[in-house]
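Subject: Structure handover

Hello,

Here is the structure you will be working with. Please open it next to this email and follow the residues as they come up.

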Amino acid sequence: TKKTIYAAQEEKKKQHDDVLFGKVKGKKAHPYLVGGILGINCHMIRGDLLEGHRNIFQDVLMKDGEEKSKVLWIWGKLDLTVPFEDNVPEVKKWEETHDNLKLVEQEGIGHEMFYENSKKIANLAIDFLDA
């Protein structure tokens with residue numbers, strides 16, 4: 001929709017980011033922020049590495065016995081960073097074939113879900129862990 005739903009939370013996050021990047025008078029940028037972001041972009045979320053990350057995730061889902069882990073995947077339908085509509089069919093296939101994966105789709109929430117509605121996300125996680 002490209003419409004801001006959580007304007008106050010978006011502004012709060014922007015202000016926090018401005019402090020981290022040293023855009024606020026009297027505040028220096030976090031000393032490891034730029035290097036950390038560069039490292040993630042170069043070594044984690046590069047397009048040519050994403051298939052390997054998917055394979056690792058699927059390996060985790062296939063573990064059995066004591067190594068088996070329950071996985072909660074909370075995904076906001078308004079996510080533009082990792083577009084929900086483009087990618088959810090693959091995750092739904094994983095959920096159908098792995099009883100230890102639970103996908104919880106969230107209306108009105110995007111990629112910054114913890115800023116947008118932290119209470120809702122925390123309650124989903126708590127409910128999952130309590131089950």
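Two residues are in contact when heavy atoms of theirs lie within 4.5 Å. Keep in mind that this is a predicted model.

Asn 100 sits in the loop between helix 4 and strand 2. Is Asn 100 buried or exposed? Its relative accessibility is 5%, and buried means under 20%, so Asn 100 counts as buried. The side chain of Asn 100 also reaches the backbone oxygen of Leu 61, at 3.2 Å.

Asp 99 is in the loop between helix 4 and strand 2 as well. With a relative accessibility of 68%, Asp 99 counts as exposed, because the cut-off for exposed is over 50%. The side chain of Asp 99 meets that of Lys 68 in a salt bridge, 2.8 Å from N to O. Lys 68 belongs to the loop between helix 3 (47–62) and strand 1, so the pair ties together parts that are 31 residues apart in sequence. Lys 68 is partly exposed, at 34% relative accessible area.

**The largest nonpolar core**

In soluble globular proteins, nonpolar side chains tend to be buried together. In this model, the largest nonpolar core has nine residues: Leu 61, Val 71, Trp 75, Phe 84, Val 88, Val 91, Trp 94, Leu 101 and Leu 103. At least two residues of this core come from each of strand 1 (71–76), helix 4 (84–97) and strand 2 (101–106). Which element gives the largest share of this core? Helix 4 does, with four residues.

Val 88 is a core residue to look at in detail. Apart from neighbours within four places in sequence, Val 88 is in contact with Trp 75, Leu 103 and Glu 105. Trp 75 and Leu 103 are themselves members of the core.

Glu 105 lies in strand 2 and is partly exposed, with a relative accessible area of 27%. Glu 105 forms a salt bridge with Lys 77, the closest N and O atoms being 3.6 Å apart. The pair links distant parts of the chain, since Lys 77 is in the loop between strand 1 and helix 4, 28 residues apart from Glu 105. Lys 77 counts as partly exposed too, at 28% relative accessibility. Through shared partners, salt bridges join Lys 77, Lys 92, Glu 105 and Glu 107 into one network.

Gln 106 is placed in strand 2. Gln 106 is buried, at 6% relative accessible area. Not counting residues up to four places away in sequence, Gln 106 touches Ile 74, Trp 75, Gly 76, Lys 77, Lys 120 and Leu 124.

**Helix 1**

How many salt bridges does a search of the whole structure find? The number is seven. One of them joins the side chains of Asp 17 and Lys 13, at 2.6 Å from N to O. Both residues lie in helix 1 (residues 7–20), four residues apart, about one turn of the helix. Asp 17 is partly exposed, with a relative accessible area of 23%, whereas Lys 13 counts as buried at 16% relative accessibility.

Leu 20 is also found in helix 1, and is partly exposed at 25% relative accessible area. Which residues does Leu 20 touch, not counting residues up to four places away in sequence? They are Ala 29, His 30 and Leu 33. Leu 20 and His 30 are 10 residues apart in sequence, and their C-alpha atoms are 5.3 Å apart in space.

**A patch on the surface**

Val 34 is in helix 2 (residues 33–43). At 57% relative accessibility, Val 34 counts as exposed.

Regards

Technical notes:
Residues numbered from 1 in each chain as written. Predicted model: local features only at pLDDT ≥ 70, side-chain atom pairs only at ≥ 80, totals over all residues. Heavy atoms only, no water. Buried < 20%, exposed > 50% of the residue type's maximum accessible area, 1.4 Å probe, protein only. Core = buried A, V, L, I, M, F, W, Y, C linked by side-chain atoms within 4.5 Å. Polar contact = N/O pair within 3.5 Å; in protein donor to acceptor, adjacent residues only side chain to side chain. Salt bridge = Lys/Arg side-chain N within 4 Å of Asp/Glu carboxyl O.
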